[in-house]
Amino acid sequence: MQRSILAAKRYRTTEHRDFHRSSEYQEGRRTRRSRDARALEKGSAYGRSLAADHWAYAEFEALSVMYERGAPVPYPVQVDGTELLMEFIGDGTVAAPRLAQSRDDPAELAGLLEQVVDAMHLFARAGYAHGDLSPYNLLVHEGRVVVIDLPQIVDAVSNPNGIALLHRDCVNIADWFTRKRVEVDAEALFSDLLATLF
Ligand SMILES: Nc1ncnc2c1ncn2[C@@H]1O[C@H](COP(=O)(O)OP(=O)(O)OP(=O)(O)O)[C@@H](O)[C@H]1O
Ligand SMILES: [Mg+2]
């Protein structure tokens with residue numbers, strides 16, 4: 001018998017993404033039913049459950065698109081209401097560590113940086129910025145970087161905040177690696193990604 005472990009990510013209605021933060025990502029995305037749009041704006045209980053559904057679905061979609069394009073993301077299995085099931089990244093039942101927990105070994109980190117930059121290019125080539133990239137949303141499994149936490153993925157060009165979010169991703173990554181003594185120029189990375197985007 002073949003067994004595989006899945007990771008379940010459940011979006012709760014009361015915590016997690018709040019409306020103030022989510023509006024930054026949602027601009028330019030249309031909500032079809034205006035009652036839903038109003039509920040979202042008001043942050044009512046109904047609005048909150050809609051938002052939780054929205055984020056689970058958005059993350060499933062984002063994983064599907066990026067997996068298809070060969071990006072190192074967990075394989076998306078299914079979304080059911082507020083719960084997203086995806087490939088579990090880890091050994092047995094032990095989840096892979098986050099990049100933030102990596103050893104301070106510059107040679108090893110340089111290899112991981114290269115993979116992060118490659119992944120960012122795959123996102124840019126698809127027209128997206130991750131939008132919340134940090135060493136906490138990157139797992140390292142058997143030496144391979146896996147990008148997680150994609151619900152807020154933004155269309156870098158059509159979203160009015162897209163370019164700013166892409167820039168923030170670059171700064172987050174460059175700052176962290178630079179602090180670990182693997183120098184990265186955030187602005188150079190940003191302009192490389194812009195060139196990929198346009
Ligand atoms: N597919 C996966 N396989 C293994 N572990 C995972 C997977 N997805 C997420 N995790 C673990 O769960 C943590 C939280 O996941 P994620 O970043 O997607 O959610 P989050 O709501 O942003 O939580 P946080 O605020 O802690 O970042 C990750 O840092 C990672 O340790
Ligand atoms: Mg996260």
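Predicted model: local features only at pLDDT ≥ 70, side-chain atom pairs only at ≥ 80, totals over all residues.
Student: Why are N137 and D149 called buried?

Tutor: The term buried requires a relative accessible area under 20%. N137 has 8%, so it is buried. D149 has 13%, so it is buried as well.

Student: What is noted about the phi of D149?

Tutor: Its phi is near 65 degrees, a positive value in a residue other than glycine. Most residues other than glycine have a negative phi. R181, in the loop between α5 and α6, also has a positive phi, near 70 degrees.

Student: Is R181 counted as buried or exposed?

Tutor: Exposed means over 50% relative accessible area. R181 stands at 65%, so it counts as exposed.

Student: How do you know that β1 and β3 pair, and in which sense do they run?

Tutor: Two strands pair if at least two bridges are found between them. Five bridges join β1 to β3 (residues 83–87), so they pair, and they run antiparallel. Among the partners, R10 is bridged to E83 and K9 to L84.

Student: Why are β1 and β2 described as standing at the edges of their sheet?

Tutor: The open sheet has three strands in the order β1-β3-β2, with antiparallel pairing. β1 (6–10) and β2 (76–80) each have a single partner strand, so one side of each is left without a neighbour in the sheet. Neighbouring strands here are turned by 15 degrees against each other on average, direction ignored. Helix α3 (residues 45–68) packs on this sheet and touches β1, β2 and β3; its direction makes about 160 degrees with that of β2.

Student: What makes both faces of β7 covered?

Tutor: L138 and V140 lie on one side, L139 and H141 on the other, and all four are buried. β7 also pairs with β8 in the antiparallel sense over four bridges, and H141 has R144 as its bridge partner in β8. The hairpin of these two strands has two residues between them, and there E142 takes a positive phi near 50 degrees.

Student: How do you know that the buried residues of α6 line one face of the helix?

Tutor: The buried residues are A186, L189, F190, L193 and L197. Seen down the axis of α6, they fall within an arc of 100 degrees, so they line one face. They pack against α4 (106–125), β6 and α5 (162–179).

Student: What span does α6 have, and what is expected of it?

Tutor: Helix α6 (residues 186–197) has 12 residues and reaches 16 Å from its first C-alpha to its last. This is close to the 16 Å expected at 1.5 Å a residue.

Terms used
Residues numbered from 1 in each chain as written. Chains lettered and ligands numbered in written order. Heavy atoms only, no water. Buried < 20%, exposed > 50% of the residue type's maximum accessible area, 1.4 Å probe, protein only. Axes fitted to C-alpha atoms, helices over the stretch in contact; angles between N-to-C directions. Contact = heavy atoms within 4.5 Å. Expected span 1.5 Å × (residues − 1). Arc of directions from axis to C-beta.
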